[in-house]
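Here is a quick look at how charged side chains pair up in one protein model. Have the structure open while you read.

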Amino acid sequence: MAPTADRHRWSDHRLRGYVRELGGTPQEALIHPELRDYLLGVLRADLAVVDGHRARADARLLRTPGAVFHGLTAPVAEPDGWSLAFRRPTAVHAFAGGHFYLFERAEEVADHRHGARAAHAARTGAGCAVRPPTHTPRHEDRTGAVLVTANNGRPTAAVSIRQIAAAAVPLYLSMIAASAGALVDTAVLGRHATAELAGLAVTMAVFGPATAAIAGAQRGVMPFVTEHQDEPAQLVSVLRNGMWLAVATGGLGALAVAAVPWIGRIGGVPDGTLDQLGLFPALLAATTLLTAVSTTAGSALIGLGRGRLVMRSGLAGTGAAVVLSLLLVGGPGPLPSLGLPGAGGAMLASSAISAVVAQVALRRSPQLAGHSLRLGRPQPAQVIGLARVGFPLAATVLIKFAVLGVLAFSAARISTEAAAVHSVAVALVNLMFTAAVAVGQAVVPVVAERLKEQDLAGVRAGAVCGLIVAAGAVLVLGGLLTAARGSVLSVFSTDPGVRDGLVDLLPLVLAATLGDAFQALFGFGLIGVRRTLPSMLCFAACYSVLAVLAGPVAADGGLTALWGTLAVVNLVLIAAQGWCFRRYSALAVASPVPA
């Protein structure tokens, strides 16, 4: 008899409902955390054996007579199928009741069993087989469970670390590919015309923070998606209202990007540079809106544990961007060179492809069970609920962009060489910190899943496992950069002074990056428990101090003092974010935020 579903892979929430449906389990066993986790761990092991069984076509049939006993309303009963395991016809006995009919019909069952044995003994003197031939001893089931769960049914640390790492790798590759694609745009435009490259820089100064803030805001959808992944109707509601939030955030970002010519004039950008923009801001405004749609679908896929599909979406868009940039901007052969508008067209097409691939993948997710994702009418209460988690993330991103800009100005005041060293150091940080962001996104569903089960220890264990993975990723990347520093740094600059300055600064760069990664992981943990405002406030307080200190520190101690201050601020931020996560994770378990 083939199983009907991989029930041992169900979430704890769904498995509890299944146990209630079966009946026979005291309600207290499903309420008490330790007893509930132990019960679900054992049940998962049993179901793994049952659902994993496949009858062999050449299996030897049992020669002994069989009798099948079952409850009439048992949701897992398939009495007729057992006859296929015996050579002789089997007697089927049905009793009033469900899966645990035996508790209420013990004497009646015993009478039937003894009657069947007596009848068979009268004919042949043999016994009667009454148990399924695929029965596995209980101790073997529990041994199997040890491979995937701890004694309380929660995934072990090793399993969680592997799960987070496996989910983070495709996300990291996708983000690195996107960064590489952006470099192609810059390189192609730089070869085309310097004035247009300046126009690209001016527009990207608005486009970059806008899209980063949108990505931060839409990450707030992830914990709600994870919570309702086994409830298609509620999941569809979250996704639809998440898309409405994307329309709102994407629309605001698009307006900001479209206003680049006016922002540039207010900021004193030369008219010659602004005259090169043409349709480019309008094309990037449309790109911003599509990026919001794509990011929302990506966040939902991560929440559903389908990060590889996010990588496919990202790589498809990046590949299109690279090819179209070379064709539209460079104009090889007989093709005309479109310059900056060509770059805008390439970016718009890339965003459209990413959005389509991500949306198709989301709509095909088995968790949606065929439900439509048409926008419909927004539910303001739920949109606001999603925004309460997402908007503090967007604000955090904007604060970081602003303060890092202050650091760049402070470095530029030291000297031209110091500005160049600082710029390359920031590029190296982004390469390493991106890994921490990928790990953080992978941590959110893990934390949200344990929050759904009101498992405080599991919530905190998920964040700790994320810290371990992030630390390992940053240290590995930092070690590779250190070992190959000569080759790596030569890619960025051939100036001996710049390269020597980078070598001297590298230890502080690694320390600042590791601190930033740790504080970010606690921040992502707070996303998982839907308490992002405290994280933003901690970040704003610490980085405000950094902004105030940056100028005087850089003037007195140069780049070493500036990056040392950044490392110390990140260390303080680790303590603040860690305290917030510890406090608000406990509050979230005690009083969850409604979706």
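A salt bridge here means a side-chain nitrogen of Lys or Arg within 4 Å of a carboxyl oxygen of Asp or Glu. Keep in mind that this is a predicted model. Side chains of opposite charge can pair when their charged atoms come close.

How many salt bridges does a search of the whole structure find? The count is three, and here they are:

| Pair | N to O distance |
|---|---|
| Arg-530 and Glu-227 | 2.4 Å |
| Lys-400 and Asp-516 | 2.7 Å |
| Arg-450 and Asp-455 | 2.8 Å |

Start with Arg-530 and Glu-227, whose side chains meet at 2.4 Å. Arg-530 sits in the loop between helix H20 (496-528) and helix H21 (533-590), while Glu-227 belongs to helix H9 (residues 222-227), so this pair ties together parts that are 303 residues apart in sequence. Arg-530 counts as buried because its relative accessibility is 8%. Glu-227, at 22%, is partly exposed.

Next come Lys-400 and Asp-516, joined by a salt bridge at 2.7 Å. They also link distant parts of the chain: Lys-400 is in helix H16 (residues 380-414) and Asp-516 in helix H20, 116 residues apart. Both Lys-400 and Asp-516 are buried.

That leaves Arg-450 and Asp-455, with their closest N and O atoms 2.8 Å apart. Arg-450 is buried at 7% relative accessibility, and Asp-455 is buried at 6%.

Thr-318 is buried, with 14% relative accessibility. Beyond its neighbours within four places in sequence, Thr-318 contacts Ala-177, Ala-178, Gly-181 and Ser-350.

Key: Residues numbered from 1 in each chain as written. Predicted model: local features only at pLDDT ≥ 70, side-chain atom pairs only at ≥ 80, totals over all residues. Heavy atoms only, no water. Buried < 20%, exposed > 50% of the residue type's maximum accessible area, 1.4 Å probe, protein only. Contact = heavy atoms within 4.5 Å. Helix = DSSP H or I, 4+ residues; strand = E, 2+ residues; numbered from the N terminus.
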